[in-house]
Amino acid sequence: MTTDARITLWETDLLAELAGQRHGLLEQLRTLGKRQLELIGEAEMTQLLHVLSAKHHLLAELQQVEKRLDPYRGQDPDLRTWRSAQAREQCAELVARSEQALREILEQERLGEARMREHRDAAAARLRIAHAAGHARTAYAKTAVPGRINLTTER
C-alpha cells in the first residue's frame with residue numbers, strides 16, 4: 001500500500017480470518033502428508049491415491065485463500081488497526097506457525113518423492129529380473145526336445 005492511510009479494523013479482521021483459514025488448511029495438508037509418507041512406505045498405492053486426491057482439493061482451497069491474501073502482502077503492518085495488541089500477537093503467531101507447517105509440508109513432499117523414486121527403481125529392477133528369467137525359459141524351451149527329458153550328463 002503506497003498511502004499512509006490507516007488500514008481499517010474490518011480489513012484487519014478479514015486478514016486475521018484468512019490467516020486462520022490458511023493455517024487450518026496447512027495443518028490438514030501436513031496431516032495428510034504424514035499419512036502419504038506412511039502409505040508410500042507400506043506400498044499402499046490405492047489408499048495413497050485417495051490421500052493425494054484429498055490433498056489436491058485442499059491445495060485448491062489454499063490457492064483461493066492465498067489469492068485473497070494477496071492485497072495484504074504489500075501493506076505496512078504498522079498501519080493496520082487491530083482490536084488489541086493481543087489480537088495482533090495471536091495473528092503473528094498464527095502466521096509463524098503456518099510458515100513452519102509449510103516448511104514441514106515441503107520437506108514431506110521431498111521425502112515422498114524420493115521414496116516413490118526408490119519404489120519405482122526397485123519395481124524396474126524386479127521387472128528386469130522377471131524379463132531376463134522369461135528369456136532364459138524361452139531359450140531353454142527352444143533347445144529341449146518335446147516329450148523327452150535329457151537325463152544324461154556331459155563331462
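## Helix packing and charged pairs

In this predicted model, the side chains of Lys 55 and Glu 109 form a salt bridge with an N to O distance of 2.1 Å. This pair connects distant parts of the chain, since Lys 55 belongs to helix α2 whereas Glu 109 belongs to helix α3 (residues 85-143), and 54 residues separate the two. Side chains of opposite charge can pair when their charged atoms come close. The count of salt bridges comes to 13.

Helix α2 also carries Glu 66, whose side chain is joined to that of Arg 73 by a polar contact of 2.4 Å. When neighbours within four places in sequence are left aside, Glu 66 is in contact with Arg 22 as well as with Arg 73.

The two side-chain pairs are set out below.

| Pair | Kind | Distance |
|---|---|---|
| Lys 55 and Glu 109 | salt bridge | 2.1 Å |
| Glu 66 and Arg 73 | polar contact | 2.4 Å |

Turning to the packing of helices, the axes of α1 (residues 9-42) and α2 (residues 45-73) come within 9 Å and cross at roughly 160 degrees. Angles over 145 degrees count as roughly antiparallel, and α1 and α2 are therefore roughly antiparallel to each other. The crossing in which α1 passes α2 is left-handed, and the contact between α1 and α2 comprises 20 nonpolar, five polar and seven charged residues.

Notes:
Residues numbered from 1 in each chain as written. Predicted model: local features only at pLDDT ≥ 70, side-chain atom pairs only at ≥ 80, totals over all residues. Heavy atoms only, no water. Axes fitted to C-alpha atoms, helices over the stretch in contact; angles between N-to-C directions. Helix = DSSP H or I, 4+ residues; strand = E, 2+ residues; numbered from the N terminus. Parallel < 35°, antiparallel > 145°, perpendicular 65-115°, else oblique. Left-handed = near helix turned anticlockwise from the far one by under 90°. Nonpolar A, V, L, I, M, F, W, Y, C, P; charged D, E, K, R; others polar. Polar contact = N/O pair within 3.5 Å; in protein donor to acceptor, adjacent residues only side chain to side chain. Contact = heavy atoms within 4.5 Å. Salt bridge = Lys/Arg side-chain N within 4 Å of Asp/Glu carboxyl O.
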